[in-house]
Amino acid sequence: MKNYDVIIVGAGPGGIFSAYELMQGSKDIKIGIFETGNCLEKRKCPIDGKTVKKCVHCNPCAIMNGFGGAGAFSDGKYNITNEFGGTLYEYIGKKRAIELMEYVDTINMKYGGEGTHLYSTANSEFKRICLQHELHLLDASVRHLGTDKNYDVLQNLYNEMKDRVDFFFNSPVKDVRILDNSQYEITASIQGKEDEQFVCDKCIISVGRSGSKWMESVCKNLDIYTSSNRVDIGVRVELPAEVFNPITDELYESKIVYMTEKYQDKVRTFCMNPKGAVVTENTNGIITVNGHSYENPELHTENTNFALLVSKHFTEPFKDSNEYGESIAKLSNMLGGGVIVQRFGDLIRGQRSTEKRINRSFITPTLSATPGDLSLVMPKRILDGIIEMIYALDKIAPGTANDDTLLYGVEVKFYNMEVQIDEHLETKHKNLFIIGDGSGVTHSLSHASASGVHVARYILENA
Ligand SMILES: Cc1cc2nc3c(=O)[nH]c(=O)nc-3n(C[C@H](O)[C@H](O)[C@H](O)COP(=O)(O)OP(=O)(O)OC[C@H]3O[C@@H](n4cnc5c(N)ncnc54)[C@H](O)[C@@H]3O)c2cc1C
């Protein structure tokens with residue numbers, strides 16, 4: 001049985017940044033990282049748009065699992081803010097949270113991100129224009145690495161760590177047990193072979209969204225309290241890049257919130273990808289939509305995409321917000337075989353989009369989705385809110401409400417249940433830490449990475 005000082009479960013940003021920081025603080029610390037997915041260069045999604053057009057449900061999904069975690073092929077937008085992306089600040093304080101996110105940014109710059117643009121909403125005239133139309137622009141600095149640079153940074157970080165850290169890829173952890181001497185025993189299936197046990201003094205669990213079901217079972221076995229979280233449901237909007245250029249050129253990503261007149265629900269923009277592409281996402285077999293864009297101008301498209309989301313949080317008597325989101329996504333999967341696309345004009349006229357109508361329009365979709373009718377999938381209240389928001393955005397970015405604007409559905413942001421942890425992100429069991437999106441506390445690259453650094457520093461200070 002192999003012994004480690006620290007075992008990390010999951011090699012997403014949370015796991016990577018904990019390992020990186022531990023390595024910086026101690027020359028001889030023994031670290032083992034267990035990861036369900038592959039190393040970065042072997043992560044390959046079979047969808048090529050030609051022979052394989054739709055998700056074929058690989059297990060594990062190469063987009064969500066492997067070195068770099070769920071964000072490895074993402075747009076690499078590191079938002080430095082406490083306004084969104086998680087509630088890490090509630091645990092560690094606003095100042096420290098920002099300091100750690102800024103620190104993560106310096107590491108990303110050191111390992112290949114240098115030269116990328118840091119956008120900021122500070123002093124933006126655009127904030128005033130938004131307010132004139134009942135739209136609220138949230139404050140943030142955004143480092144846009146781009147999908148290509150984000151990949152390089154991850155590869156460089158891996159190269160830096162690989163000789164100092166034992167990486168176990170294709171090795172999902174099945175069980176975590178507390179031993180009598182307060183150490184932790186981890187059971188993992190190493191490269192799909194027989195289960196093996198490993199022991200450590202300290203255990204950091206950072207399994208992200210894809211590890212949510214497993215995380216729930218660990219919390220149940222170890223009697224760690226969890227509470228339900230919200231789910232965000234909506235669509236991905238795609239339109240000609242020119243429509244949003246005035247906003248994206250200045251801010252790149254703008255998080256804009258709107259309160260609907262009809263229901264007083266909040267609708268917000270999310271994950272804006274100028275000149276980007278719409279992609280599918282597979283969470284535990286459910287196909288939803290997402291988007292990304294490249295830093296390299298040669299890989300730019302003619303379109304910009306962003307999500308419009310409405311949050312729902314169920315508590316009594318139905319508690320499982322994620323199940324609600326899953327059911328809506330399943331309905332779209334059932335009707336469209338995956339993601340559905342509809343022209344805004346068709347939605348407003350109450351007609352489904354067809355292949356012919358999409359082909360006749362002036363926008364070329366960047367994702368091959370099934371033309372259909374989103375009103376058969378989305379709850380009325382959510383769809384009404386999205387339509388209201390599109391008309392509101394049309395006032396600051398005329399053309400948003402054009403007939404040809406494409407809506408892909410559904411986009412669902414699932415959040416893990418919130419795990420009970422303290423200000424050190426430590427559970428009630430000493431030296432067992434739960435960080436990143438798997439804790440329900442973070443929902444973004446910057447917050448998840450910062451949570452890893454926070455825990456690593458605490459471990460080093462208390463060694
Ligand atoms: C397509 C896409 C685009 C995105 N774009 C952005 C963006 O631009 N900006 C942003 O801020 N956020 C973005 N996000 C969200 C961001 O990727 C996540 O918030 C972030 O990756 C969370 O980091 P994490 O380390 O907590 O978890 P993850 O990145 O999910 O990593 C967890 C890792 O744990 C592994 N794992 C799970 N269970 C086990 C187990 N039992 N044993 C071993 N390993 C396990 C998984 O395989 C995974 O690799 C995007 C997400 C997606 C899917």
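Biologist: Let's start with His424: how many other C-beta atoms sit within 10 Å of it?

Modeller: Counting neighbours tells you about burial: a residue is buried with 20 or more other C-beta atoms within 10 Å of its own, exposed with 12 or fewer, and partly exposed in between, with C-beta atoms placed from the backbone. His424 has 16, so it is partly exposed. Keep in mind that this is a predicted model: local features need pLDDT of at least 70, side-chain atom pairs count only at pLDDT 80 or more, and totals for chains, interfaces and linings use all residues. Residues are numbered from 1 along each chain as its sequence is written.

Biologist: Where is His424, and which residues is it in contact with, leaving aside neighbours within four places in sequence?

Modeller: Helices (H or I, at least four residues) and strands (E, at least two) are DSSP runs, numbered from the N terminus. His424 is in the loop between strand 21 (418–419) and strand 22 (432–434). Contact means C-beta atoms, placed from the backbone, within 7 Å. Beyond those sequence neighbours, His424 touches Val455 and Tyr458.

Biologist: How do I read a pair of packed helices, say helix 3 and helix 12?

Modeller: You describe such a pair by the angle between the axes and the distance between them. Axes are lines fitted to C-alpha atoms, for helices over the stretch in contact, and angles run from 0 to 180 degrees between N-to-C directions. The axes of helix 3 and helix 12 come within 9 Å and cross at roughly 100°. The two helices are therefore roughly perpendicular (65 to 115 degrees; under 35 is roughly parallel, over 145 roughly antiparallel, the rest oblique).

Biologist: Which residues make that contact?

Modeller: Helix 3 brings Ala97, Leu100, Met101, Tyr103 and Val104, while helix 12 brings Ser446, Ser449, Ala450, Val453 and His454. By class, that's seven nonpolar, three polar and no charged residues. Here Ala, Val, Leu, Ile, Met, Phe, Trp, Tyr, Cys and Pro count as nonpolar, Asp, Glu, Lys and Arg as charged, and the others, Gly among them, as polar.

Note on methods: Two residues are in contact if their C-beta atoms, placed from the backbone, lie within 7 Å.
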